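The tour below goes from one selection to the next.

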Amino acid sequence: MTKQQDMTVVLTGASGGIGRATAEKLSAAGARLILVGRHREKLDALIHDLDNDAHVAVIADLGTEDGRHHLRQYCESLGSDGISVLVNCAGINEFGLFEEQSQSAVADTININLISPMLICQDLLPLLLRRGKAQIVNIGSTFGSIGYPGFSAYCASKFGLRGFTESLRRELADSGVQVSYIAPRATQTDLNSQKIVAMNNELGTAMDQPSVVADEVIRVIGKRSRLDKYMGWPEKFFVKINALLPALVDSSLRKQLPIIRRFAKHEI
Ligand SMILES: NC(=O)c1ccc[n+]([C@@H]2O[C@H](COP(=O)([O-])OP(=O)(O)OC[C@H]3O[C@@H](n4cnc5c(N)ncnc54)[C@H](OP(=O)(O)O)[C@@H]3O)[C@@H](O)[C@H]2O)c1
């Protein structure tokens with residue numbers, strides 16, 4: 001844990017379930033946090049709970065150019081000893097049948113979950129490169145490797161984030177900036193509506209506590225690991241099966257489809 005003591009970490013999605021748990025653990029490990037979100041009251045309450053004056057809140061809608069510009073300006077203002085870690089954790093999900101989803105929901109999902117973390121990486125990369133040793137951690141999902149009915153736009157965004165992470169990691173392989181990808185399985189946060197929770201219960205899909213994901217983030221940052229981390233059993237096994245033998249996963253999900261459809265349809 002001592003490695004985190006001289007770190008300044010930009011954490012997007014800090015007010016959410018996984019972000020908050022991650023903030024608590026990073027703060028306890030001694031990191032200085034730049035907590036990013038749209039709602040000042042939530043971030044102020046978090047800083048109050050963390051009981052550390054070194055942390056700051058940056059209020060920004062990361063789906064907008066203005067919001068990302070504001071974050072970049074704040075990070076630049078810290079000078080040469082500024083940020084050393086970026087954790088892209090902000091995300092949204094609208095569960096539903098693709099044919100019934102609004103086009104704005106599809107576009108927002110791709111914007112917040114994929115375009116925004118890519119552009120934040122681009123904005124902050126000069127600062128991270130300047131630090132010499134630095135790290136980017138992108139929070140993906142099991143659904144970044146397995147296309148799942150009812151989550152088409154979300155899966156597309158996370159598949160994209162996984163591909164982006166791999167490309168950027170290889171592009172920066174000769175630099176001091178390491179790029180990691182963490183793929184949580186279903187986790188008990190507000191990202192999952194009551195319909196999703198009810199569906200997961202009926203399907204027997206396990207849901208982790210946010211602190212379990214936060215522990216993984218801390219491990220990856222502590223080790224400065226380049227590796228991708230896939231969380232949960234059997235989820236990490238299905239990720240491999242889906243890559244090697246996708247027809248097997250097709251037929252398994254075909255059996256689940258009536259249940260998924262029942263929850264994903266608009267009327268319920
Ligand atoms: N929960 C799961 O089952 C699960 C599973 C796998 C992966 N993940 C991933 O884990 C990450 C964290 O999710 P979570 O479960 O903690 O979700 P959450 O509790 O719903 O939190 C989402 C966070 O994203 C922020 N956010 C959303 N839109 C934003 C915007 N336009 N600008 C700035 N911030 C924005 C929210 O902040 P404000 O609303 O306060 O602005 C909030 O802090 C996401 O990337 C998600 O895809 C979650």
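**A tyrosine pair, a helix and a pocket**

Select Tyr230 first: with 24% relative accessibility, Tyr230 counts as partly exposed. The model you are looking at is predicted.

The structure holds 9 aromatic pairs in total. In the pair of Tyr181 and Tyr230, the ring centres are 6.2 Å apart and the planes stand at 55°, so this pair is tilted. Because Tyr181 lies in strand β6 and Tyr230 in strand β7, the pair ties together parts 49 residues apart in sequence.

Next, select Tyr148 and Phe151, both of which are buried. Their ring centres are 6.0 Å apart with the planes at 65°, so the pair is edge-to-face.

Select the whole helix, residues 152–171. At 1.5 Å a residue, its 20 residues should span 28 Å, and the end C-alpha atoms are 28 Å apart, which agrees.

Finish at the second largest pocket, which holds about 240 Å³ of space. Tyr230 returns here as part of the lining, together with Ser145, Arg162, Lys236, Phe237, Val239, Lys240, Asn242 and Ala243. Helix α8 (residues 235–244) gives the largest share of that lining, 6 residues. By class, the lining has 4 nonpolar, 2 polar and 3 charged residues.

Technical notes. Residues numbered from 1 in each chain as written. Predicted model: local features only at pLDDT ≥ 70, side-chain atom pairs only at ≥ 80, totals over all residues. Heavy atoms only, no water. Helix = DSSP H or I, 4+ residues; strand = E, 2+ residues; numbered from the N terminus. Expected span 1.5 Å × (residues − 1). 1 Å grid on protein atoms, 1.4 Å probe; cavity = no way out; pocket = protein on both sides within 12 Å on 5 of 7 lines; lining within 4 Å. Points joined across faces, edges and corners; volume = space filled by probe spheres on them. Nonpolar A, V, L, I, M, F, W, Y, C, P; charged D, E, K, R; others polar. Phe/Tyr/Trp six-rings, centres within 6.5 Å; stacked < 30°, edge-to-face > 60°. Buried < 20%, exposed > 50% of the residue type's maximum accessible area, 1.4 Å probe, protein only.
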